[in-house]
There are 4 protein chains.
Amino acid sequence: MGSFKGHALPGSFFLVAGIWWTGKYSLWHATRRNKSIGSTRLAGRSLQRRLEVIESCVVLFFSLVGMLAEQFLADGPKLQLYNFAEKHWEDLMNWQHATMYLFFGLAATVSLVLHTTEAAPLALDRLMLAVAFFNEGFLFLYHLHGRSMLDVHVHQLLLYAVFGQAIVAFLEVFHRGNIILELLRCTLTILQGSWFWEIGFVLYPPSGAEWDLKDHSNMMFVTMCYSWHLAFAMLVVSVLYCTVSCVVRSRLKRTPPMEMGLLKSRERDAESEDDVL
Amino acid sequence: MGSFKGHALPGSFFLVAGIWWTGKYSLWHATRRNKSIGSTRLAGRSLQRRLEVIESCVVLFFSLVGMLAEQFLADGPKLQLYNFAEKHWEDLMNWQHATMYLFFGLAATVSLVLHTTEAAPLALDRLMLAVAFFNEGFLFLYHLHGRSMLDVHVHQLLLYAVFGQAIVAFLEVFHRGNIILELLRCTLTILQGSWFWEIGFVLYPPSGAEWDLKDHSNMMFVTMCYSWHLAFAMLVVSVLYCTVSCVVRSRLKRTPPMEMGLLKSRERDAESEDDVL
Amino acid sequence: MGSFKGHALPGSFFLVAGIWWTGKYSLWHATRRNKSIGSTRLAGRSLQRRLEVIESCVVLFFSLVGMLAEQFLADGPKLQLYNFAEKHWEDLMNWQHATMYLFFGLAATVSLVLHTTEAAPLALDRLMLAVAFFNEGFLFLYHLHGRSMLDVHVHQLLLYAVFGQAIVAFLEVFHRGNIILELLRCTLTILQGSWFWEIGFVLYPPSGAEWDLKDHSNMMFVTMCYSWHLAFAMLVVSVLYCTVSCVVRSRLKRTPPMEMGLLKSRERDAESEDDVL
Amino acid sequence: MGSFKGHALPGSFFLVAGIWWTGKYSLWHATRRNKSIGSTRLAGRSLQRRLEVIESCVVLFFSLVGMLAEQFLADGPKLQLYNFAEKHWEDLMNWQHATMYLFFGLAATVSLVLHTTEAAPLALDRLMLAVAFFNEGFLFLYHLHGRSMLDVHVHQLLLYAVFGQAIVAFLEVFHRGNIILELLRCTLTILQGSWFWEIGFVLYPPSGAEWDLKDHSNMMFVTMCYSWHLAFAMLVVSVLYCTVSCVVRSRLKRTPPMEMGLLKSRERDAESEDDVL
């Protein structure tokens with residue numbers, strides 16, 4: 001996966017995930033705040049649950065695709081782990097990436113089960129997410145042996161975002177629904193996504209002009225660049241959050257909260273109210 | 001204890017402990033959730049307490065056996081700490097292992113006292129467990145001087161599980177009865193157990209084919225293997241949890257909650273209700 | 001910025017900020033404690049909000065000035081990041097300092113928005129402050145490559161205060177209004193301010209007598225000196241806190257709590273009571 | 001202070017402090033648990049407060065004595081910090097020890113003020129204790145440059161206890177009166193005290209038989225020895241706790257809770273009830 005595309009692809013996934021989560025949590029939060037003026041019409045509990053189920057399915061699908069792609073594309077190990085003929089491990093990098101996808105797949109499966117049945121406390125989905133991020137960081141941590149200085153540095157910076165996400169997701173086990181933690185996790189997800197792109201640009205520049213991987217001033221620039229990515233991620237999250245808040249509020253103002261003509265939809269809401277999310 | 005058996009034995013103990021705890025906590029949790037339909041018949045408080053006492057006794061017994069075995073078996077120091085004749089310490093490894101058992105024995109003793117008398121707050125048993133795990137990790141941490149790279153690495157990976165257990169047990173002091181923390185601790189216990197087996201297979205392969213302890217790709221494989229053990233442990237815990245939940249629910253459905261014929265057992269329950277667990 | 005003035009300037013800002021915050025939080029705390037005897041006259045909620053807005057504006061203003069100064073003063077990069085002619089980065093130090101100011105500016109902007117509109121939960125301002133301090137510490141951490149021992153050491157000591165502030169501000173997200181955490185953060189801010197001055201005196205002594213940057217006893221003295229700065233900061237905070245408490249209590253004693261002649265101001269208070277701070 | 005006595009002295013202080021705290025917290029806890037049967041006669045709030053004041057005074061006194069002893073005894077610097085004639089720092093070790101005492105003195109002063117006036121929230125005394133322990137650990141951390149391996153190791157082990165105390169004291173800011181945290185802190189205090197004695201015995205053996213400071217097996221023994229000290233400290237704390245609990249309960253059984261003849265003492269209790277501890 002040592003290529004520009006190999007970094008841009010997961011980067012795009014995390015960017016999309018971060019933006020999607022920001023929208024979702026902003027919507028839930030706006031809904032909860034404006035409950036008194038009937039916002040549950042916009043996002044009732046059955047809708048919330050359906051969204052969670054769809055999200056889990058999508059994540060599960062892409063995890064499976066990712067695992068299969070790592071195994072069977074061009075230079076994959078094709079499920080062979082050890083080459084007994086030549087006595088060496090087969091494509092450990094691909095196996096490691098597949099393992100990372102495996103844990104995100106597990107997290108999605110657990111989330112799917114939690115939101116369709118009521119087998120276990122909901123907070124378990126955050127714990128599984130924390131474990132998936134922790135596992136990703138753990139594998140990256142022992143991934144960097146023998147690389148050049150700047151290569152190690154850009155991957156270490158990535159670990160701040162990854163372990164940050166793991167910690168925030170773990171805190172959410174105890175503070176579920178805290179909008180501040182949720183937005184912080186979204187920010188770190190977007191940061192991780194955009195930093196994957198940055199890694200691609202630094203290590204495999206599409207323009208062709210190679211970076212000097214041993215120059216200390218390059219390292220200082222990259223460090224600062226990480227701060228800028230963080231600022232950019234915060235900007236994206238706050239713009240999205242404000243947009244969603246405004247849209248929810250303006251739509252609620254246009255439609256009076258107690259319309260009798262909407263009885264049918266209200267009935268649906270009433271029954272969804274019984275669901276425990 | 002530098003042998004295959006020396007790693008398989010504690011590994012088996014931790015595996016059994018992890019599976020036992022998973023069953024126990026799943027049962028308590030299912031009981032609490034289904035209280036309204038009379039599940040206390042299945043697991044009343046006096047039963048819970050009796051189980052805790054039995055568990056503590058078993059742990060205490062094996063700790064004592066472990067300590068005696070380390071001291072008096074074949075190459076043990078037989079309680080001699082310093083060899084004044086030859087001016088060196090006697091079998092420090094055995095002493096260190098005996099010290100680890102000592103702390104688990106202390107934890108079991110405290111738990112036994114807490115559940116028979118009511119001398120101190122119950123949360124103390126989790127603190128003692130945290131101290132026992134912390135002490136195990138602490139001794140392993142300074143255990144690794146001068147070994148080969150892979151040997152150090154597999155033991156360091158073990159520390160993630162050990163210190164993880166210590167932290168989760170410490171969190172349980174404040175969040176007692178949180179099923180998510182309990183299952184997380186069970187997962188880490190099973191992980192520790194299965195990883196002890198893995199260490200045995202890597203360092204003292206029963207097949208005879210030695211691993212190259214200085215090869216970096218071996219190290220990368222072992223790291224990934226740790227993730228797989230974690231996934232396996234999560235699988236075991238979730239299967240057990242679901243089984244116990246289903247069994248409890250199905251048994252409750254078969255037997256109606258308010259049978260008058262069971263008055264005697266209900267009376268026993270009523271009195272057990274007074275116990276403070 | 002490698003000069004005495006370059007360290008004295010931010011030092012003075014942090015000193016002023018620390019003293020200002022100490023006064024503010026002491027006043028709020030004294031107000032809350034003496035609510036029953038009418039202290040809201042001294043510091044009603046609308047006053048609190050107005051102060052927060054002014055504070056945010058001032059911080060925002062100085063952040064902007066700082067960023068512009070770093071860019072356009074004497075040896076600044078004048079917004080040029082990369083010198084394509086000579087193939088090197090332009091004044092990375094100045095860019096890094098500007099980035100630090102940027103994050104404090106962002107924190108101030110968010111605080112301003114939070115206290116004028118009610119777009120998001122108030123706790124967000126503490127999170128932004130935590131991020132700003134974390135970013136400062138993060139950039140300093142990778143700032144120290146290749147400097148002499150004492151230079152590295154004095155900057156590392158600074159990190160204790162900076163990361164300490166980040167952690168305390170993050171804790172305040174969950175324990176908002178906890179006077180102990182607030183005073184701890186004030187103490188660390190003053191510590192950071194006075195330590196910036198100390199760094200100036202050690203690395204660029206105005207008296208001209210250079211320090212031996214490789215002498216270990218100098219390092220030990222500097223470490224101890226840090227403790228003294230901490231003690232000094234605690235002294236300043238406690239003196240300020242006691243003064244404010246006494247002044248509030250004595251003023252409340254002089255003016256009886258239920259004066260009918262002050263109806264107008266009481267009306268203003270009543271309406272400010274509706275504000276949600 | 002590099003002598004046997006120099007380590008035995010602080011060790012004794014911490015031992016006494018740990019035992020005293022264990023007794024105090026056990027008594028408070030037993031009192032609170034048995035409130036219903038009139039235990040407030042044994043330890044009313046005014047008594048609690050008086051004990052706290054006395055404790056603070058004693059700590060303050062010994063801190064002052066310690067500071068003066070470090071400065072003016074035999075080889076002290078006599079308040080001279082820098083020797084301008086020979087251009088070197090005067091007895092930095094003594095200054096560092098005096099600084100440690102200073103912080104414990106500050107903590108005692110704050111505790112004294114808190115328990116005599118009601119100037120600030122009580123939790124502040126735990127924060128000051130946390131700062132004092134943190135400062136002690138901080139100074140020890142940069143204390144060890146250029147010493148031999150075993151010397152560094154025994155001091156590093158000490159840091160576990162010191163930073164552990166700091167963390168537990170900080171947690172007590174939020175969980176005040178949690179008997180488990182209090183007993184944990186007592187255990188760590190006794191551990192620190194007994195370990196100071198151990199350091200004295202290892203580095204300056206009174207028997208004269210020097211230890212080999214570079215032998216790795218000595219280091220392994222010392223590590224295990226630390227675990228034994230911890231077990232010993234836990235034993236001391238639990239024996240003390242049980243003794244106090246039993247004594248309180250047996251005394252309460254002997255004297256019936258509602259004796260009318262003790263009206264005077266009950267009146268005193270009633271007024272002490274008004275105190276806010």
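Visitor: By what turn can chain D be laid on chain C?

Guide: Happy to start there, and please keep in mind that this is a predicted model. Two copies of a chain are related by a rotation about an axis and a shift along it. For chains C and D, the superposition has an RMSD of 0.0 Å and a shift of 0.0 Å along the axis. The relation is therefore that of a four-fold axis, and the turn is 90 degrees.

Visitor: Which helix gives the most to the nonpolar patch of chain A?

Guide: The patch covers about 650 Å² and is made by Leu9(A), Phe13(A), Ile54(A), Val58(A), Phe61(A), Phe62(A) and Val65(A). Two elements of chain A give two or more residues to the patch: helix H1 (4–33) and helix H2 (45–72). With five residues, the top contributor is H2(A).

Visitor: Is Val65(A) buried, partly exposed or exposed?

Guide: This residue of the patch sits in helix H2 of chain A. Buried means under 20% relative accessible area and exposed means over 50%. Val65(A) has 38%, so the residue is partly exposed.

Visitor: What share of the 277 residues in chain A is buried?

Guide: Let us begin with the fold: chain A has eight helices and two strands, in the order α-α-β-β-α-α-α-α-α-α from the N terminus. The chain exposes about 12,700 Å², with carbon and sulfur atoms supplying 68% of that area. As for residues under the 20% cut-off, their share in chain A is 51%.

Terms used
Residues numbered from 1 in each chain as written. Chains lettered and ligands numbered in written order. Predicted model: local features only at pLDDT ≥ 70, side-chain atom pairs only at ≥ 80, totals over all residues. Heavy atoms only, no water. Least-squares fit on C-alpha atoms with pLDDT ≥ 70 in both. Patch = residues over 30% accessible without salt bridge, like charges linked within 9 Å, V, L, I, M, F, W, Y side chains within 5 Å. Areas by Shrake-Rupley, 256 points an atom, 1.4 Å probe, with all protein chains shown as cover. Salt bridge = Lys/Arg side-chain N within 4 Å of Asp/Glu carboxyl O. Helix = DSSP H or I, 4+ residues; strand = E, 2+ residues; numbered from the N terminus. Buried < 20%, exposed > 50% of the residue type's maximum accessible area, 1.4 Å probe, protein only.
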